[in-house]
Amino acid sequence: MAFAPLDTARLVLRPFSEEDAEDFAARRSDPETAMYQAWRVPYSVEKALAVIRESEHHDGPVPGHWFQLDVQRRADGRTVGDVAVYLHEHGHTAEIGYTLHSWARRKGYATEAATALIDYLVDVTGVHRVEAATHPDNARSIQVLERLGFQHEGVKREAFWVEDEVSDDELFGLLAREWRARRHALAASADADAASDA
Ligand SMILES: CC(C)(COP(=O)(O)OP(=O)(O)OC[C@H]1O[C@@H](n2cnc3c(N)ncnc32)[C@H](O)[C@@H]1OP(=O)(O)O)[C@@H](O)C(=O)NCCC(=O)NCCS
């Protein structure tokens with residue numbers, strides 16, 4: 001069954017199609033966006049097409065593969081970025097990543113898209129744990145993870161290569177039960193706010 005797009009208040013996360021390749025390549029070709037990423041710039045449309053075709057083979061996250069979703073703004077249909085998930089063997093652990101166009105930052109889109117993705121991974125895929133790894137200087141990415149409730153779990157020393165430069169890799173993790181408790185607490189406080197407004 002085809003992957004059903006995930007809706008949030010402002011965004012929709014949907015499978016990529018080949019028409020998205022130019023936008024994907026342009027996003028990854030921005031040197032500032034690529035600063036803490038393992039890919040090189042410029043990022044070709046051919047490479048983007050290969051990534052998109054890899055995801056097109058699957059109707060959702062499959063162990064041993066990356067699955068990418070295009071993140072569109074509902075108001076105007078514009079792509080603001082993408083999220084990606086790698087399901088580890090046995091499907092108990094998922095690694096996530098996210099990238100926004102530079103013009104789409106500081107609006108909460110990465111946190112909103114990642115929230116929908118984690119909801120899906122916990123509720124539908126049934127993962128036990130979600131993890132993410134980031135360059136130690138990628139403060140914006142670390143803030144997204146902390147806002148989502150990830151815990152800093154450690155550092156892999158000299159494990160992250162960006163071109164010829166190696167740095168440490170910061171490791172973050174979130175357990176499904178922590179996510180459910182957090183979502184429950186957020187829903188309860190939203191209910192309390194609504195009741196006090198009534
Ligand atoms: C990492 C990255 C996605 C973070 O983007 P971001 O815009 O900082 O994160 P969000 O989309 O969650 O936005 C959060 C910001 O929007 C602000 N914001 C504005 N309007 C908002 C709204 N309506 N709702 C929520 N937040 C809002 C928040 O206050 C926050 O700003 P602050 O950090 O100054 O407090 C982005 O920097 C990026 O694409 N970097 C390049 C790729 C990359 O490194 N990816 C990570 C790989 S590990």
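**Aromatic pairs and helix packing**

Y43 counts as buried, at 7% relative accessibility; buried means under 20% relative accessible area, exposed over 50% and partly exposed in between, with a 1.4 Å probe and protein chains only. The model is predicted, so local features need pLDDT of at least 70 and side-chain atom pairs count only at pLDDT 80 or more, while totals for chains, interfaces and linings use all residues. Residues are numbered from 1 along each chain as its sequence is written, and side-chain values use heavy atoms, with hydrogens and water left out.

A search of the whole structure finds six aromatic pairs. Rings of Phe, Tyr and Trp (its six-membered ring) pair if their centres lie within 6.5 Å; planes under 30 degrees apart count as stacked, over 60 as edge-to-face and the rest as tilted. F24 and Y43 form an edge-to-face pair, at 6.0 Å centre to centre and 65 degrees between the planes. F24 lies in helix α1 (residues 21–29) and Y43 in the loop between α2 (31–34) and α3 (45–56), so the pair ties together parts 19 residues apart in sequence. Helices (H or I, at least four residues) and strands (E, at least two) are DSSP runs, numbered from the N terminus. F24 is buried, with a relative accessible area of 0%. F24 and Y43 belong to one aromatic cluster with F16 and W39.

W66 is partly exposed at 35% relative accessibility, and Y86 is partly exposed at 23%. Their ring centres are 5.4 Å apart and the planes stand at 50 degrees, so the pair is tilted. W66 lies in strand β3 (residues 66–73) and Y86 in strand β4 (residues 79–87), so this pair ties together parts 20 residues apart in sequence.

Helix α4 (residues 109–125) packs against helix α6 (residues 176–197) at an angle of about 120 degrees, with the axes 11 Å apart. Axes are lines fitted to C-alpha atoms, for helices over the stretch in contact, and angles run from 0 to 180 degrees between N-to-C directions. α4 and α6 are therefore oblique to each other; under 35 degrees counts as roughly parallel, over 145 as roughly antiparallel, 65 to 115 as roughly perpendicular and the rest as oblique. The contact (heavy atoms within 4.5 Å) is made by T115, I118, D119 and V122 of α4 and A176, W179, R180 and R183 of α6.

α4 also packs with helix α5 (residues 139–148), at about 50 degrees and with the axes 10 Å apart. α4 and α5 are therefore oblique to each other. A110, T111, A114, T115 and I118 of α4 meet V144, R147 and L148 of α5 in this contact.
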